[in-house]
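Keep the viewer open as you read.

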Amino acid sequence: VSKQMLEQVLRELQPLCTVEQQFIEQFFQLSQGAADLQVPEVSVRTMSSPVPLAEEPTTRLLSEIFGCLELELRGFLDVCNKVHPFSCLQVLVTLSDSIFEMWGSSSALPSSFLNTLLGNMLLLAKSSFNKSIGTLCKEIEEAKMPSKMKGGILPSVSRFEEFVNLSEEVFRTARRRGELDKAHLRLAGSVFSSINSLSSANLKVNTDMVMMENFHHIHCFLCKKKIHCLEGKKREAKQRYSEHMEKYVIKYLGQPLEKLNHFFEGVKARVAQGVKEEEVSFQLAYSKQELRKVIEKYPGKEVKRALETLYRKIHKYLSPEENLLPVVWHAMEQEFIRQYQEFEDLIQRCYAGSGIAMDFTMEDLLSYFNSITLSN
């Protein structure tokens, strides 16, 4: 309603001011050279405008005739802002477009009085808009985690999306969107900061998992919206999503083969310290006997069971709306294969000729993942 009313007010103001301007100029013959004429003394009432009105004779008379107009328009904008927290979006677009159309019209240029008045109203609308954005940024950055939240999309991310959807709809036909682009960048910075500030203390699940899902969600959202000024943020979201998925996969994947991981990390550390590969097995903690003990803890059936448990755990905590389970599980498989190949390589290099091998082969490993995927 405020949009239609504001448009109607602006439509009626321009011809009214233009007709009044033409009458004043003709009646007082101001077009013949204002500097040489005696203009009746008028008292321009003090108006608390961000930009003072010009002191040209025509403008002075118009500002006296329409003296209460600015206060009325200010009051109207205040009412608009009270109707909805982001009605300032619509006011900004309507005022900006009206001024743009006024200057682009082929009719006689509107009066300096009207230009200045609407310019002042536009400044007020921009100020109101910037305050609203500042408040929203603060809300997003300071958003508290729901106490029982176990994952999924964060409230700050949902709030960001709601605003972007609303503002893009309002600005859909706008002639200019510079103010909105600046707002989008500010808000994107706040929502990224909000995700980055997550700590394990706030969550009942793995922090990297929540970050992965939320950056993935933002990336998908920005791909769909195609907002030019947020292209950089879209790329950053993709990068962050990939980083956190990698951390999540590596952190969780260490669990099914935890003791093997620990053992071979020690082997790599000895080699890095200068121990020759063929001499590693002479180190007490990394002897052939110790390696056999660790390998015995991971028969093929146990590894498959551990992977099934891991799959159920990931399935339980990943939010279904993001549908990241297939992607994460594939990444898990790739990382598991990489680790297996690394273990095999270290056995060949550091325990050559020992006949030691893991209880399961690469083919076994692939079949474990395949059966888990097909059965779920």
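Lys 226 is exposed, at 68% relative accessible area (exposed means over 50%, buried under 20%, and partly exposed in between, using a 1.4 Å probe and protein chains only). You'll find Lys 226 in the loop that links helix H8 (207-225) to helix H9 (231-253). Helices here are DSSP runs of H or I with at least four residues, strands are E runs of at least two, and both are numbered from the N terminus. Lys 226 isn't a glycine, yet its phi is positive, at about 55°.

Asn 323 is another residue to check: it has a positive phi near 55° and is not a glycine either. Asn 323 sits in the loop between helix H12 (300-317) and helix H13 (325-350), and it counts as exposed at 54% relative accessibility.

A word on the ground rules: this is a predicted model, so local features need pLDDT of at least 70 and side-chain atom pairs count only at pLDDT 80 or more, while totals for chains, interfaces and linings use all residues. Residues are numbered from 1 along each chain as its sequence is written, and side-chain values use heavy atoms, with hydrogens and water left out.

## Glu 322, a buried loop residue

Glu 322 is also in the loop between H12 and H13, but at 8% relative accessibility it counts as buried. What does Glu 322 touch, leaving aside its neighbours within four places in sequence? Its contacts (heavy atoms within 4.5 Å) are Ile 153, Glu 213, His 216 and His 217.

With His 217 there is a side-chain to side-chain polar contact of 2.4 Å. A polar contact is a pair of N or O atoms within 3.5 Å; within protein, one must be able to donate a hydrogen and the other to accept it, and residues adjacent in sequence count only if both atoms are side-chain atoms. Glu 213 is 109 residues away from Glu 322 in sequence, but their C-alpha atoms are 6.9 Å apart.

## The H6/H7 pair

Now look at helix H6 (residues 155-170) and helix H7 (residues 178-196), whose axes come within 9 Å and cross at roughly 170°. Axes are lines fitted to C-alpha atoms, for helices over the stretch in contact, with angles from 0 to 180 degrees between N-to-C directions. H6 and H7 are therefore roughly antiparallel (over 145 degrees; under 35 is roughly parallel, 65 to 115 roughly perpendicular, and the rest oblique). On the H6 side, the contact is made by Ser 156, Val 157, Phe 160, Phe 163, Val 164, Ser 167 and Glu 168, while H7 brings residues including Leu 180, His 184 and Leu 187.

Glu 168, which lies in H6, counts as buried at 17% relative accessibility. Its side chain makes a 3.0 Å polar contact with the side chain of His 184. Leaving aside neighbours within four places in sequence, Glu 168 is in contact with Arg 177, Leu 180, His 184 and Ile 227. Among the buried residues of H7 are Glu 179, Leu 180, His 184 and Phe 192.

## The whole protein

Zooming out, the protein has 14 helices and zero strands. Of its 376 residues, 46% are buried. Among contacts between residues at least 6 apart in sequence, 74% join residues at least 24 apart.
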